[in-house]
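Trainee: Can we go through this model together? I'd like to start with the loops.
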Amino acid sequence: MPRNILSLDFYGSTITAALASLDDDTRTLRIRHILRRTCRSFSGAFVRDMAGAEEGVSKVFEEMNEYINGEPSVVVGLRGNFLSFKSSSGFKSIDTPNRIIGDKEINEAIRNSVPINLSDTLEVVDILPQSYMIDGNEGILDPKGMAGFNLEIGTFLSYALVTHLNNLNNVLAACRCPEYLLLPSSLALGETLVTEGEKRSGALLVDLGEESVSVLLYNKGILLDGLELPYGLNRRAEFVADLLQNDVETAQEVLKDYEPGADEIMDEVVEDAETQMLRGINKEILQAFCLHLKRPATNLILCGSGATKQIIKSAKTIFNAKKARLGIVDHLITDCPTDNPAYTGALSLLRHALDREQNQTESVVQTKQSGLFTGFLDKLGQLFEH
C-alpha cells in the first residue's frame with residue numbers, strides 16, 4: 001500500500017509544502033499536492049512569532065489533510081543563517097574476532113565524527129557520510145562486509161543554534177507533529193540536483209530565494225562547505241529602488257508586474273540590479289569559501305524562486321563558471337503543476353529523504369523533543385513506517 005510523505009520547506013516568509021505517495025514495490029513517487037503559503041511569522045526556519053507560526057503551519061496541514069487519510073511521514077527542511085556546516089571525519093577500530101565491518105562499526109565511526117567539544121549552543125541536525133577508508137586505503141564505496149582493522153569515514157556535518165531549533169520544534173509539536181525528519185534544505189538540493197560528474201569537476205550550487213540564499217561547494221566528488229545568507233531577491237528590490245529613486249515598497253510593486261522584454265528601460269534597470277545583487281552574493285561566497293575555492297567552480301547550478309533563464313547568463317559571468325544551468329527536479333509523476341522554481345526545495349527534500357532511507361546508515365538525526373540531541377536512527381526507514 002502506498003505511503004504518504006509530506007515535506008515542509010521554510011523558504012523566507014513562505015512555507016512551501018509537497019505531499020507525495022510512495023509505492024515501495026516500484027519506488028515510484030507521485031506528487032499529490034503542492035502549495036506555497038505566506039507566513040510572516042517565519043524567516044526561513046527562524047520563528048518570529050510563535051502564535052502566528054503555529055497558525056501558518058496548521059493551515060498547511062489542514063489543506064494537505066484533504067488529500068490523504070491518516071498521518072503522513074514528515075520531512076522538515078531548514079534554512080537560515082542559524083545553520084552552519086563543517087567537514088569532519090570519524091574513526092572506529094574493528095575489535096570483532098574476524099575483523100569484518102558491519103553496520104555497527106560504520107555507525108559508530110559516523111557518530112565519532114561529531115566533535116566532543118561541540119558548543120552547548122549548537123545541535124547536530126544532520127551527518128552526511130561522504131568517503132570511506134580502511135587501514136589507510138582510500139576510494140572505498142561501501143565498507144560493509146569488508147575486512148580491516150581501522151575504519152575512517154569522512155562526513156559533512158550540519159549544525160543549528162539550539163534556541164532557534166527549539167522554537168521550531170515547539171511550533172511543530174503544537175501543530176501535532178511531534179515526530180519528523182530534519183534536513184538542511186540546501187543539502188537536499190545539492191544531493192538531488194548536482195550530478196556526480198559535476199561534483200567531481202567542481203560545482204557551486206546557489207539557491208536564490210526571496211529573502212535568503214543557500215550555497216554549497218563541491219570538488220573532487222566531496223561536499224566541502226555550505227553557506228546561508230540572510231538576503232536574496234529582496235536585495236534586488238533595494239537596488240531597483242536606488243536606480244529608480246523610489247522607496248523599496250514601490251520597487252517591489254513594480255517588480256511584481258515586471259515582465260522581461262515588455263519595457264526596454266525596465267529591462268536595463270532590472271539587469272543592473274540583478275548584477276549588483278549577484279556580485280554581492282559572490283563576494284560573500286569568496287570570503288566564506290576562501291580556504292576551498294582556490295579557483296572558480298567549473299559548474300554553476302542555480303535554483304530557487306530567483307532561478308530564471310534571464311539571470312543564468314549574468315550569474316555564469318559573475319561567478320566565473322565554465323558551465324551554468326538551472327537546477328530542476330525532473331522525472332516526476334505529478335497530479336498537480338510542479339514547475340514553479342520555488343517548489344524545488346520541497347521536492348528535493350522528498351527525493352533526498354528517500355535516498356537516505358535506502359542508504360540505511362545512521363546519518364540523520366531525528367529531533368523529537370525541544371532541545372534534545374536524541375541520537376541516531378538505526379535505519380532512516382523507521383521514520384517512514386506506519
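Mentor: First a term: helices (H or I, at least four residues) and strands (E, at least two) are DSSP runs, numbered from the N terminus. This is a predicted model, where local features need pLDDT of at least 70, side-chain atom pairs count only at pLDDT 80 or more, and totals for chains, interfaces and linings use all residues. Residues are numbered from 1 along each chain as its sequence is written, and side-chain values use heavy atoms, with hydrogens and water left out.

Trainee: Where is His331 found?
Mentor: His331 lies in the loop between strand S16 (323-326) and strand S17 (333-334). His331 is not a glycine, yet its phi is positive, about 55°.

Trainee: Is His331 buried or exposed?
Mentor: Exposed, at 74% relative accessibility. Buried means under 20% relative accessible area, exposed over 50%, and partly exposed in between (1.4 Å probe, protein chains only).

Trainee: And what about the phi of Arg176?
Mentor: Positive, about 60°, and Arg176 is not a glycine either. Arg176 sits in the loop between H3 and strand S11 (181-184).

Trainee: Switching to helices, which residues of H1 meet H3?
Mentor: Met50, Ala53, Glu54 and Val57 in H1 meet Asn167, Asn170, Val171, Leu172 and Ala174 in H3, where contact means heavy atoms within 4.5 Å.

Trainee: How confident is the predictor?
Mentor: The mean pLDDT (the predictor's confidence in each residue, from 0 to 100) is 88, and 93% of the residues reach 70 or more. Over residues 361-386 the pLDDT is below 50. Where pLDDT is low, the predicted coordinates should not be read in detail.
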